[in-house]
Amino acid sequence: EPIRPDFYSFRPPLYAWLILAIKGIINSDYAVLAVQSLLSLYTLFSVKKMAERFGVSATASSIGILLILLFYPSHLIHCNFVMSDILFQFLCWQAFRASWLSIETPSIKNTSLAALFFALAMLTKPVAFLLGFSIALGLLIYYFRKFSIKLLIPFLILPVIYHGMCSWNQKVTGYYHYSSVGPFFVLKYMAKYTNAQVYGEDWADRTQDSIM
C-alpha cells in the first residue's frame with residue numbers, strides 16, 4: 001500500500017512483534033486469536049483468584065465475571081480481532097497485580113515485575129506511557145515512610161524506554177515524540193467530525209487535507 005508517514009509512530013512495536021513471533025510458528029490469523037483467547041482466559045481466572053484473596057466467595061466471583069462477560073461483550077469481541085487490546089489488558093492486569101504484591105510484600109522481585117509489565121504495556125499502547133510513572137510515584141510515597149526507596153530502582157526502565165522510543169521516532173520522522181496517535185486522532189476524528197457538523201463534510205475534508 002502507499003506509504004503513510006502519519007503511521008510511522010502511530011503504535012509502539014510490541015503487538016507487532018507478538019504477531020511476528022506467532023506467525024513465525026503458525027502462519028495464520030487464527031493462531032494469533034488463539035493466543036489472545038488464552039491470555040484473556042488467564043486474565044479472567046487471575047482476577048477471580050485475586051477477588052477470592054480479598055475475601056470474595058468463589059461463587060460470587062464466578063457470577064461477577066459471568067455478568068461482566070454478559071453485559072460487557074466487547075471483551076469477547078476484542079478477543080476475535082487482531083488488535084492489541086487483549087494483550088494490553090493482560091499486561092495492565094499483571095502490572096496491577098505486581099504493584100499490589102509490592103505493597104503487600106515489598107521486594108525487589110515484585111517491583112521488578114511491576115516495572116517490567118508497565119514497560120511492556122508502554123510498548124503496546126501509547127496511552128500507558130504515564131501509567132507506570134504514576135504508580136511509581138505512589139509507591140515512592142508509600143515506601144518513603146516504611147521501606148527503602150531502592151526497591152523502586154527497576155522503575156528507571158520506564159524513562160529509558162520512553163527516551164528510546166522518542167529518539168527512534170525522531171530518527172524516523174524528524175521530531176522527538178512518543179506516538180502520533182494523539183494529534184492524528186484529534187485531527188482525523190474529533191476535529192473532522194466537529195467541523196463536518198458545523199460547516200459541512202466538504203469543508204471538513206478540505207481543512208483536514210490542508211493541515212496534513
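Guide: Before we look around, one term: helices (H or I, at least four residues) and strands (E, at least two) are DSSP runs, numbered from the N terminus. What you see is a predicted model, in which local features need pLDDT of at least 70, side-chain atom pairs count only at pLDDT 80 or more, and totals for chains, interfaces and linings use all residues. Residues are numbered from 1 along each chain as its sequence is written, and side-chain values use heavy atoms, with hydrogens and water left out.

Visitor: Okay, how many helices and strands does the protein have?
Guide: Follow the chain from the N terminus and the elements go α-α-α-α-α-α-α-α-α-α. The count is therefore 10 helices and 0 strands.

Visitor: What box do the C-alpha atoms fill?
Guide: The box is taken along the principal axes of the protein. Its rough dimensions are 60 × 45 × 40 Å.

Visitor: How much of the accessible surface belongs to carbon and sulfur atoms?
Guide: The areas come from the Shrake-Rupley method with a 1.4 Å probe, and for residues only the protein chains shown count as cover. The protein's accessible surface comes to about 13300 Å². Carbon and sulfur atoms have a share of 70%.

Visitor: And what percentage of the residues count as buried?
Guide: Buried means under 20% relative accessible area, exposed means over 50%, and partly exposed is in between (1.4 Å probe, protein chains only). Out of the protein's 212 residues, the buried share is 36%.

Visitor: Let's zoom in on L123. What does L123 touch?
Guide: Contact means heavy atoms within 4.5 Å. Leave out residues up to four places away in sequence, and L123 touches P12, P13, L14, Y15, I161, M165 and Y178.

Visitor: Is S9 buried or exposed?
Guide: You'll find S9 in the segment before α1. Its relative accessibility is 5%, so S9 counts as buried.

Visitor: Which side chain does S9 join in a polar contact?
Guide: A polar contact is a pair of N or O atoms within 3.5 Å; within protein, one must be able to donate a hydrogen and the other to accept it, and residues adjacent in sequence count only if both atoms are side-chain atoms. Beyond four places in sequence, S9 touches N169, H177, Y178, S179 and S180. The polar contact spans 2.6 Å, and the side chain that S9 joins is that of H177.

Visitor: Which backbone oxygens does the side chain of S179 reach?
Guide: S179 sits in the loop between α8 and α9, and it counts as buried because its relative accessibility is 14%. One backbone oxygen, at 3.3 Å, belongs to S9. The other lies 3.0 Å from a polar atom of the S179 side chain and belongs to F10.

Visitor: How far does helix α9 reach from its first C-alpha to its last?
Guide: The expected span is 1.5 Å times one less than the number of residues. Helix α9 (residues 181-199) has 19 residues, for which 27 Å is expected. The reach is close to that, at 25 Å.

Visitor: Where does α9 bend?
Guide: The bend at a residue is the angle between axes fitted to the seven residues ending there and the seven starting there. In α9 that angle is about 30 degrees, at K192.

Visitor: What do the buried residues of α9 pack against?
Guide: The buried ones are V181, F184, L187, K188 and N195. Their packing partner is α10 (201-211).

Visitor: Last one: is T59 buried or exposed?
Guide: T59 belongs to helix α3 (residues 58-71). Its relative accessible area is 55%, so T59 is exposed.
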